[in-house]
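Good morning, and thank you for the time. Please look at the display first.

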Amino acid sequence: TGEVTVRIGPFAGVFAGRVIISDEVAPQSCTLTIEGTGKIGFLQGVGAIEMTELEGQKTLMKYSGEAQIGGKVASVGQRLFDTVSKSMMKQGLDTLNGFLKSNAA
């Protein structure tokens, strides 16, 4: 559980929610289900993560997902939401990558 502040177009707000990890086949794959609500709307999504060990202590991570938004924030349109969600995903994965690199040293 947690909170995240999100800005999508003219709307900004705090979403409180949770991430549920299921269908876990450690260390190869899992499913993430995301549920969040805030004053400007709601978000529901599901994603799949698949990891493959590569040479040189590297891991290839493939992911896919779908999300639905509703409420005031939905008025910005799916295209803008897609752009913001991809940016947030990249930021999160870059942070995870930095954390993993620092712990591997």
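Let us begin with Glu35, which is partly exposed at a relative accessible area of 31%. By the definition used here, buried means under 20% relative accessible area, exposed over 50%, and partly exposed in between, with a 1.4 Å probe and protein chains only. Before going further, I note that this is a predicted model, in which local features need pLDDT of at least 70, side-chain atom pairs count only at pLDDT 80 or more, and totals for chains, interfaces and linings use all residues. Residues are numbered from 1 along each chain as its sequence is written, and side-chain values use heavy atoms, with hydrogens and water left out.

Which side chain does Glu35 meet in a salt bridge? The partner is Arg18, at 2.8 Å from N to O. A salt bridge is here a side-chain nitrogen of Lys or Arg within 4 Å of a carboxyl oxygen of Asp or Glu. The pair links distant parts of the chain, with Arg18 in strand 2 and Glu35 in strand 3 (residues 29-38), 17 residues apart. Helices (H or I, at least four residues) and strands (E, at least two) are DSSP runs, numbered from the N terminus. Arg18 counts as partly exposed, at 41% relative accessibility.

The structure holds two salt bridges. Lys90 and Asp94 also meet in one, at 2.7 Å from N to O. Both of these residues lie in helix 1 (residues 78-104), four residues apart, about one turn of the helix. Lys90 is exposed at 51% relative accessibility, and Asp94 is partly exposed at 43%.

I return to strand 2, which spans residues 11-25. Val19 belongs to this strand and is exposed, at 51% relative accessible area. Together with Ile21 and Ile34, Val19 forms a nonpolar surface patch with about 270 Å² of accessible area. Patches are made of residues with over 30% relative accessible area and no salt bridge; like charges are joined within 9 Å, and nonpolar side chains (Val, Leu, Ile, Met, Phe, Trp, Tyr) within 5 Å. Accessible areas come from the Shrake-Rupley method with a 1.4 Å probe, and for residues only the protein chains shown count as cover.

Next, the backbone. Most residues other than glycine have a negative phi, and most peptide bonds are trans. Asp23, in strand 2, has a positive phi near 50 degrees. Gln57 likewise has a positive phi, about 55 degrees, and is found in the loop between strand 4 (41-54) and strand 5 (58-70). Gln57 is exposed, with a relative accessible area of 84%. Which peptide bond is cis? The bond from Ala26 to Pro27 is, with omega near -5 degrees, and Pro27 sits in the loop between strand 2 and strand 3.

Finally, the chain as a whole. The protein chain has one helix and five strands, in the order β-β-β-β-β-α. Its C-alpha atoms fill a box of roughly 45 × 25 × 25 Å along the principal axes. Buried residues make up 17% of the 105 residues. The protein chain exposes about 7,900 Å², of which carbon and sulfur atoms supply 56%.
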